[in-house]
Amino acid sequence: SDIGGTASCSNTDIQACITTHASSGNTINAPAGSCTWTDSVNIPETKTIILVGAGSGAGGTIISRANPMLYSLSPNSRISGFRFNLTGTGSAPLLEVRNTGFRVDHNYFDNQTGLSREGVIASGTNLTMSPTGVIDNNIFNECRVGSYGMGTFLKQNIAWQEASTFGEAGTVYVEDNI
């Protein structure tokens with residue numbers, strides 16, 4: 001169900017809505033505007049949240065941050081309609097989705113640092129080692145997409161040894177992106 005919008009696109013307003021007002025299954029709408037986040041936003045594993053911005057273009061929801069931005073630990077989450085600008089030298093991705101059944105769509109990931117960075121990282125959790133979901137219809141400028149298992153370094157490598165699940169539900173699909 002749609003619980004409406006946040007007061008602004010600031011990290012404090014979005015995080016407060018996730019933490020205080022949203023229940024699992026809710027959609028949170030972030031308004032159009034440009035905001036510089038001073039801290040990351042976290043969607044907890046205990047809440048399945050759909051977070052929707054007002055679009056990734058010039059009149060949409062534009063988020064800038066010097067370090068990592070958004071972490072979604074939630075199964076079956078969706079992140080859509082944002083422009084994420086990485087402006088600093090932090091080494092973490094603009095968005096990390098860490099679970100199963102996620103969708104990341106219609107966003108613009110803009111790495112403005114001149115350094116090699118990830119736009120999106122998909123990873124598992126200690127309970128669901130391998131991630132599953134779809135990353136589609138996004139624009140990636142000077143950044144890449146990564147996918148790996150979770151846990152210790154040894155567990156991450158075990159995920160690569162599992163049988164291929166291409167064409168099945170148990171994988172990460174990266175499609176129709178620029």
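**Close-up 1. Glu 96 is tucked away as a buried residue, with a relative accessible area of 6%.** This is a predicted model, so keep that in mind for every view here. Glu 96 pairs up with Arg 98 in a salt bridge, and their closest N and O atoms sit 2.8 Å apart. Arg 98 is partly exposed, at 25% relative accessible area.

**Close-up 2. Asp 136 and Arg 103 join their side chains in a salt bridge, 2.8 Å from N to O.** Asp 136 counts as buried because its relative accessible area is 4%, under the 20% cut-off. Arg 103, at 32%, is partly exposed. Both belong to a salt-bridge network that also takes in Arg 78 and Asp 105.

**Close-up 3. Glu 118 and Arg 144 make a salt bridge, with their closest N and O atoms 3.0 Å apart.** Here again distant parts of the chain are linked: Glu 118 is in strand S13 (residues 117-123), and Arg 144, 26 residues away, is in strand S16 (residues 143-148). Glu 118 is buried at 17% relative accessible area, while Arg 144 is partly exposed at 38%. In the whole structure, the search turns up six salt bridges.

**Close-up 4. Ser 10 sits in the loop between strand S1 (2-5) and helix H1 (11-21).** With 16% relative accessibility, Ser 10 counts as buried. Its side chain makes a 3.1 Å polar contact with the side chain of Thr 12. A polar atom of the Ser 10 side chain also lies 3.1 Å from the backbone nitrogen of Asp 13. Beyond its neighbours within four places in sequence, Ser 10 touches Cys 35 and Trp 37.

Definitions and conventions. Residues are numbered from 1 along each chain as its sequence is written. This is a predicted model: local features need pLDDT of at least 70, side-chain atom pairs count only at pLDDT 80 or more; totals for chains, interfaces and linings use all residues. Side-chain values use heavy atoms; hydrogens and water are left out. Helices (H or I, at least four residues) and strands (E, at least two) are DSSP runs, numbered from the N terminus. Buried means under 20% relative accessible area, exposed over 50%, partly exposed in between (1.4 Å probe, protein chains only). A polar contact is a pair of N or O atoms within 3.5 Å; within protein, one must be able to donate a hydrogen and the other to accept it, and residues adjacent in sequence count only if both atoms are side-chain atoms. Contact means heavy atoms within 4.5 Å. A salt bridge is a side-chain nitrogen of Lys or Arg within 4 Å of a carboxyl oxygen of Asp or Glu.
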